[in-house]
Amino acid sequence: MVCNGQLRRSRRVLARRLVATLAVALACRALHAEEVTERDRPLPHLAHSVHGAQLIVDSQPFLMLGGELGNSTASDLAVLAPALQKCRRMNLNVVLVPVSWDLVEPVEGEFDFSLVEGAIDIASDCDLRLLLLWFGTWKNSMSCYAPSWVKRDVVRFPRARRASGEPLEFVSPACTAACEADARAFAALMRRLREYDSREQTVLMVQVENEVGMIPEPRDRSAESEQAYRGAVPAALATLAVEEKLGPEVGALWEHVGRRSNGSWSEMFGSGPWGEEAFTAWQFATYVEQVAAAGKCEYPLPMFANAALIRPDYLPGKYPSAGPLPHLLEIWRAGAPSLDMICPDIYFPNFMEWCDKYVRNGNPLFIPEMAASRRVTGNIVYAAARFRAMGFGPFSIENVDAEKGRLIADCYETLGGMTSLILKSQREGTVLGLSPQVEFDWTVADEPQRGELAGVRFEAVFDRESTGNAATTTLPTLGAGRWDAPPGTPTGAAMILHVAEDEFAVVAMGATITAAPADGVGKVGLERVQEGRYDRSGKWIGGRWLNGDETHQGRHLRFYDGRWTVQRVKIYRY
């Protein structure tokens, strides 16, 4: 792997030297050659099918077994290098790396991409791909990664304001000057990526801004935003309302106030917090669109925006309102068409519920951030199977403890060998996911989880770690700002893939799985069961034959907690 990375880096260094030597004499010829190269090797892009979307890299579907670095790790290459090396040892194939506007453009109009180039080189040496996260005008609602020349000039770059007139610690979404400056910087970044990396394509996708949202009120009360709020709803959005294409949540607001075909924001969506949030969502989406479109003009990699999610019963203003949330999906897609998808950052226990909310109206599922909890690998396996997720990013991946790191490495090694089979099954709809259903308060459904695939009804019961006291209720905790599963929570999940007639590959942990005919006629028996693994080429390497005691004399499949294993199963009917 390292040798491959060194080879790629050597090719890049050689290419730079050739360009430096022949820049003037062969400028036009070099441009033509670059165009031919890009045609011969398509850029990463999304391919859509009836069962979802997949990322295509080097003309092949690609499953992102990833992790997101802590916010500051990539700001120092000496810190970044060992972090990426650790990621490779954990069997990641892609790492999400922040790129902050303040470090890229410390002086207006003067760009420094040394950290970006260094990250690409280190990742190449580690045989890793990258996703870049643009921390521009906003990061977690705030403008903490904007350059000092933006932060200090409150006249040119006015802040958002509360109803009281109090300024907030972030730039107003109505600020045209900030949007234009952000777009110029992002375009410069994408142009440099094209120049530096388009041949090797280490960078696969780019996130535009990070968890944008309005807080602690549902809309900005600056003079510019107030004027926009009193103005007419843009025709493009009003048309979607009339065509009933704004989704059930925003559609219900429009319905409630009288189904108007035009009018101000309050006239069309109401004057309450939810209507105000719809207005702010349009502000954020169209701002992000200008930034994303400027970048895509330079280098059209797939782009996405991510959202901080909502706690139960919170009203707009209590959470980062108006971000790319599922109830605002249609507004965001209308306002920011340059984005290829909108994505959830899932830290809450009800992981399955949030995944389900995001796969609507053709929106692909990619989870750029997720809690690196004790359930992290179970969530990964389930999302890949049930929701055809194209990738995952446990947060602060370089800082996970040893046990979680072992589980992630084990899970990614298992899925890595199965990648081609998983991707094929996702495209064809021949994969089933089963997982314990967990609520926001960590309540776990006790009933078995069921699903059907290829005429077979599978049922799974998941192991629960003993707490030592069955009467003890462990409430959810929020350690270091991140949820983690309390003791007693099942950690496993199961992915079942139909690989041939009456034959399945099952990858699972901490589960007991039974099978029965989907039509209820007769019974299903286990003809043979073999434990094994898929190597990196996707070839099945068989191991122990699990009949007799290991299958309870043919009654079930058993997957022990603490490690991910694969079994090939041949069934028969009687």
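User: Contact means heavy atoms within 4.5 Å. Of the contacts in the protein chain with a separation of 6 or more, what percentage comes from residues 24 or more positions apart?

Analyst: The model is predicted: local features need pLDDT of at least 70, side-chain atom pairs count only at pLDDT 80 or more, and totals for chains, interfaces and linings use all residues. Residues are numbered from 1 along each chain as its sequence is written, and side-chain values use heavy atoms, without hydrogens and water. For the contacts in question, the share is 76%.

User: What radius of gyration does the protein chain have?

Analyst: The chain has 17 helices and 25 strands (DSSP runs numbered from the N terminus; helices are H or I, at least four residues, strands E, at least two). The globule rule (2.2 Å times the number of residues to the power 0.38, with the radius taken over C-alpha atoms) gives 25 Å for 574 residues. The chain is close to that, so it is as compact as a globular protein of that length, with a radius of gyration of 25 Å.

User: Which side chain of opposite charge is nearest to glutamate 105?

Analyst: Glutamate 105 lies in the loop between helix 4 (101–104) and helix 5 (114–125). It is buried (under 20% relative accessible area; exposed is over 50%, partly exposed in between; 1.4 Å probe, protein chains only). It has no salt bridge (a side-chain nitrogen of Lys or Arg within 4 Å of a carboxyl oxygen of Asp or Glu). Lys and Arg count as positive, Asp and Glu as negative, with His and the chain ends not counted; 6.1 Å away is the nearest opposite charge, arginine 184.

User: With which side chain does the side chain of glutamate 105 make a polar contact?

Analyst: A polar contact is a pair of N or O atoms within 3.5 Å; within protein, one must be able to donate a hydrogen and the other to accept it, and residues adjacent in sequence count only if both atoms are side-chain atoms. At 2.9 Å, the partner is tryptophan 101.

User: How many residues apart in sequence are the parts tied together by arginine 162 and glutamate 217?

Analyst: Their side chains meet in a salt bridge at 3.2 Å, N to O. Arginine 162 sits between strand 7 (159–161) and strand 8 (167–171), and glutamate 217 between strand 9 (203–210) and helix 8 (223–230), both in loops. Arginine 162 is partly exposed at 27%, while glutamate 217 is buried at 15%. The sequence separation is 55 residues.
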